[in-house]
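Please have the structure open while I talk.

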Amino acid sequence: MELKLELIKRLIAKWADRDNRWLSMPCTLAALFVLLVMVKSCQGIAYNFTNECKIYKLGYTIDEARTLVATLSEAQEDTLIAHQEHDTIAIPMLGMRYFIADNFSRYLAFHKKNSTSAPLDVIVALVNVGYDRDRGSSAVPCDTSKGQLMLVNGRHYLDENYKPENLATFSMDYCYENQRAQSVVVDAFMVMQQACKEQTDAQLMVNSAYRSYQDQIGTYKRNPKGYAARAGSSEHQTGYAIDVTSRQHPMRWPFDTSVEGVWMREHCHDYGFILRYPKKQSQIFGFAYEPWHLRYVGKDVAKRIHDEDITFDEYYAYYIEGPTPR
Ligand SMILES: [Zn+2]
């Protein structure tokens, strides 16, 4: 009797196991399916909150949205999303030669504000050097620690106490009145004028070099609407700028078509100088073309600026201040 009971118990257990097995499989599958659906739903909901999705919804393709997210900082992505519309220059802008991600929203704003048909490289150049900002409120002190690469312009100013430490005097054989500049500039000019003399028989002369803050006040008063910069905004205060003229034809005009002017434009970078206010950029930035005004930046930087055909302002914005890595 006990044996029969034991046998029945085992049979029931066996059937129960079999039932559980058959019953539990669909349940497990169903549970897994539900779980999968829930995970997918959560992922879908979470994706809606990503910047990639928000940018995609503005009208960009999914690849464009991914490219923008990969290139821009989160703050820049937020700005783009805040525009709430598809911007036609956003993607082409990413491929521009001197694109700086930190300036991205300013490129778009500049383009929009001016309804401009200006080429994108011009927009990049203008924004990089700060032409989209109010000149007065965006002005900052010049970073004199950059030495021969310090930037002085209407937005980067020197105070009245700044005076170069290594001023040297030009020989009176090469200037009409006492002129001084940083000693490295005097040395470079001597090498350059020698080369010019040998190649063209023309003699370069220094018309003006270092000018103090006080000197510049007088120069500006004499030329309020001319070529002179306001005191504090003149490169001549750095001691790295010289105005060059010709001994044979000191009053020749225009200087840029003279033998000296042409030679200097083509060769000054070999001696560490650049044409600080070249003709091409005067059309973009609106500053006066000054074929006689040289700025010393050293041979490597001068060669790069010459080869890339950019201004020192653009060089400074891209190669010294930026682009800021993410
Ligand atoms: Zn000058």
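What follows is a tour of the metal site, the nonpolar cores, the salt bridges and a few loop residues.

Before the details, a word of caution: this is a predicted model, in which local features need pLDDT of at least 70 and side-chain atom pairs count only at pLDDT 80 or more, while totals for chains, interfaces and linings use all residues. Residues are numbered from 1 along each chain as its sequence is written, and side-chain values use heavy atoms, with hydrogens and water left out.

Let me begin with the zinc ion, whose protein donors are His-236 through NE2, Asp-243 through OD and His-293 through ND1, lying 2.1 Å from the ion. Donors here are N, O and S atoms within 2.8 Å of the metal (3.2 Å for Na, K and Ca), and because water is not among the atoms, sites may look incomplete. Along the sequence, the spacing of these donor residues reads H-x6-D-x49-H. His-236 sits in the loop between helix H9 (213-222) and strand E6 (241-246), and His-293 in strand E8 (residues 290-296), so the pair ties together parts that are 57 residues apart in sequence. Helices (H or I, at least four residues) and strands (E, at least two) are DSSP runs, numbered from the N terminus. Both His-236 and His-293 are buried, where buried means under 20% relative accessible area, exposed over 50%, and partly exposed in between, with a 1.4 Å probe and protein chains only.

Turning to the packing, which residues have the most contacts inside the largest nonpolar core? They are Leu-68, Leu-80, Met-93, Phe-99, Phe-104, Tyr-107 and Phe-312, in a core of 43 residues. By a nonpolar core I mean a set of buried Ala, Val, Leu, Ile, Met, Phe, Trp, Tyr and Cys residues joined through side-chain atoms within 4.5 Å. Helix H7 gives the most to this core, with seven residues, and the core draws at least three residues from each of domain 1 (51-128) and domain 2 (140-321), bounds that come from an automatic or database domain assignment. A second, separate core of 33 residues includes Ala-195, Val-244, Tyr-271 and Leu-294.

The structure also holds 13 salt bridges, each being a side-chain nitrogen of Lys or Arg within 4 Å of a carboxyl oxygen of Asp or Glu. One of them joins Arg-66 and Glu-52, with the closest N and O atoms 3.3 Å apart; Arg-66 lies in helix H3 and Glu-52 in helix H2 (residues 51-56), so this pair ties together parts that are 14 residues apart in sequence. Arg-66 is partly exposed at 44% relative accessibility, whereas Glu-52 counts as buried at 18%. Lys-112 pairs with Glu-85 in another salt bridge, at 3.0 Å between the closest N and O atoms. Elsewhere, salt bridges that share partners join Glu-235, Arg-276, Arg-295 and Asp-313 into one network.

Finally, some backbone geometry. Most residues other than glycine have a negative phi. Asp-201, however, has a positive phi near 70°; Asp-201 lies in the loop between helix H8 (183-200) and strand E5 (204-208) and is exposed at 52% relative accessibility. Asp-309, in the loop between H12 and H13, also has a positive phi, of about 55°, and is partly exposed at 39%.
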